[in-house]
Amino acid sequence: MERHFERDLEELKQRLLWMGSLAERAVHQAIHAVLDAEEHLAETVLIEEDAINEIQIEIDDRVLRLLALQQPMAADLRFLLAVSRINGDLERIGDQAVNIAQSATRIMRHPQVKPYVDLPRMSELAEGMVRDSLNALVRGDIELAHSVLQRDDQVDRLRDQLFRELLTYMMENSAVVFSAFELVLVAKNIERIGDHATNIAEDVIYFVAGRDVRHPALDRR
Amino acid sequence: MPSISQGSNATAARLAPQMRMNEPRSMAAEKEAPVRFQISDLNFFYGPKQAVFGLNLNIPKNKVTALIGPSGCGKSTFLRTLNRMNEIIRNTRVEGEILLDGQEIHSMDVVSLRRRVGMVFQRPNPFPKSIFENVAYGLRINGYKGRLDDLVESSLHRAALWDEVKDYLHKSAFALSGGQQQRLCIARALAVNPEVLLLDEPCSALDPVTTAKIEELLFHLKDSCTMAIVTHNMQQAARASDFTAFMLDGKLIEHSETSKLFTTPADPRTEAYITGRFG
């Protein structure tokens, strides 16, 4: 006989994945608003942000209710703790998408600084990390979660490369400072999205294996 | 900017020192805790039926060890082997070694063993006597020559019952509520100053407020006593114990620090039991 608690956990997971898909879509649209200079995409991101915020509150309520009423243990407890943390990370990813969309609307008012080469690579990487961290949650796949952690360094390297490149453009031509500075912000936001995906992957590993892999340099007793 | 309500601040302030106190200690330190009971290769039989199989377990001194597992898994039987209470059941047999502070309990005088290893049962079982006499009884039969009044009072204090009964010491113990009767039984067990207290589902017949009192009592008794508690209540095991042992079909499946067992159990059978997926 299936317990209603398990049904509640499954429903919670589905709601979290729905939130994840909204956050993923927001990131994708925001980045394409920059890359393709599509203003309507940026507007869509701003409009849809509320949906992510609402679901964040709903998920928090569900987690709190299950903790209080079911007093879960072991894997169930780790799952609820992971969901609660992932909920926060997804909401922040939604916020980063909004920041990128706002930058996009400002960038559009100026000529393009340079052809976009590293930015699409960086955003594909970060979007892939978000997608795979959520897939790892669905499948309980620790290897996939670890692969997300490993990709974070690549995103950081691309950000540094972009920063250097944009700085050179700004030094050479002060007319591009405004647009270049906005692109710096976009790169920074994409890099933060990668960090949130990393957090999600760490939470998946904690939920599945009971291992806390955050801050590996710390001596855990 | 939204401000945190005063209530939340007060709660945070109340919780903060406790959080610091509850910081996890090193695993090594826990493992180094002196051992009160050392149980090796323990088998127990009711006639031809074996109830405990090859059990090995150390019960650390001045800690609470919880025994959990489904009904009939042998946890109460195991608990009763620790002060040889099973010997009052006919046709039972025990094999293996149980050392109390390094001394084999089966070669000890059973009365002195039970004075050192007290027991509290599921249902409160006060004697049909006054509150005072219930606590004094063990002292009298052990030939205690000191001032009974003082020891009765200190035992009732240790069992967190004194304030509720100090004006009614000569009333019948049966006039007390269930929770008070259970604490009276604990006071009675404590009066002879046992080194170990065995508790067999001591809260199963009690309401949550009384249960909280007993759990608080266990926490404070750790200074002077080693405790082993059988419970069906997972939350109670999690709240009240330092170590937890999970038994299934007469075998010890897993034994570890309570904080570890209830968050990241090592054995899938423990996981299934504590998450309510079997048993």
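Helices (H or I, at least four residues) and strands (E, at least two) are runs assigned by DSSP and numbered from the N terminus. Keep that in mind as we walk through this predicted model, where local features need pLDDT of at least 70, side-chain atom pairs count only at pLDDT 80 or more, and totals for chains, interfaces and linings use all residues. Residues are numbered from 1 along each chain as its sequence is written, while chains are lettered from A and ligands numbered from 1 in the order in which they are written.

Let's start with chain B, which has 12 helices and 10 strands. Of its 279 residues, 39% count as buried. Here "buried" has a set meaning: 20 or more other C-beta atoms lie within 10 Å of the residue's own, whereas 12 or fewer makes it exposed and anything in between partly exposed, with C-beta atoms placed from the backbone. Two residues are in contact if those backbone-placed C-beta atoms lie within 7 Å. Among the contacts in chain B with a separation of 6 or more, 69% join residues 24 or more positions apart.

Now for the strands. Strands of a sheet pair through backbone hydrogen bonds, either parallel or antiparallel. In this model, two strands pair if DSSP finds at least two bridges between them. Chain B has an open sheet of four strands in the order S2-S1-S4-S5, with antiparallel pairing. Its edge strands are S2 (49-60) and S5 (103-104), each of which pairs on one side only. Follow strand S1 (residues 35-46) of chain B and you'll find eight bridges to S4(B), running antiparallel. Along that pairing, B:Gln38 has B:Leu99 as its bridge partner in S4(B), and B:Phe44 stands opposite B:Val94.

S4(B) also pairs with S5(B), again in the antiparallel sense, over two bridges. There B:Leu100 stands opposite B:Gln103. The hairpin of S4(B) and S5(B) has two residues between the strands, and B:Asp101 takes a positive phi near 50° in it.

What about parallel pairing? Take a look at strand S7 (residues 196-200) of chain B, where five of the five residues are buried. B:Val196, B:Leu198 and B:Asp200 point one way from S7(B), B:Leu197 and B:Leu199 point the other way, and all are buried. Strand S6 (residues 117-120) of chain B pairs with S7(B) in the parallel sense over four bridges, and B:Val117 has B:Val196 as its partner. S7(B) is also joined to strand S8 (residues 226-230) of chain B by five bridges, running parallel.

Time to move to the helices of chain A. Two packed helices are described by the angle between their axes and the distance between the axes. Helix H3 (residues 74-107) and helix H6 (residues 177-209) of chain A pack at an angle of about 170°, with axes 9 Å apart. The axes are lines fitted to C-alpha atoms, for helices over the stretch in contact, and angles run from 0 to 180 degrees between N-to-C directions. Angles under 35 degrees count as roughly parallel, over 145 as roughly antiparallel, 65 to 115 as roughly perpendicular and the rest as oblique. H3(A) and H6(A) are therefore roughly antiparallel to each other. By class, their contact has 13 nonpolar, seven polar and eight charged residues. For those classes, Ala, Val, Leu, Ile, Met, Phe, Trp, Tyr, Cys and Pro count as nonpolar, Asp, Glu, Lys and Arg as charged, and the others, Gly among them, as polar.

Next comes the nonpolar core, a set of buried Ala, Val, Leu, Ile, Met, Phe, Trp, Tyr and Cys residues joined through C-beta atoms within 7 Å. The largest one has 126 residues, and A:Ala30 and B:Leu67 touch the most other members. H3(A) gives the most to this core, with 15 residues. Leaving aside neighbours within four places in sequence, A:Ala30 is in contact with A:Ala42, A:Val45, A:Ala97, A:Ile100, A:Ala101 and A:Ala104.

A:Ala74, found in helix H3 of chain A, has a positive phi of about 50° although it is not a glycine. With 21 C-beta neighbours inside 10 Å, A:Ala74 counts as buried. B:Arg84 sits in the loop between helix H3 (75-81) and strand S4 (92-100) of chain B, and its phi is near 60°, a positive value in a residue other than glycine. B:Arg84 has 17 C-beta neighbours inside 10 Å, so it counts as partly exposed.
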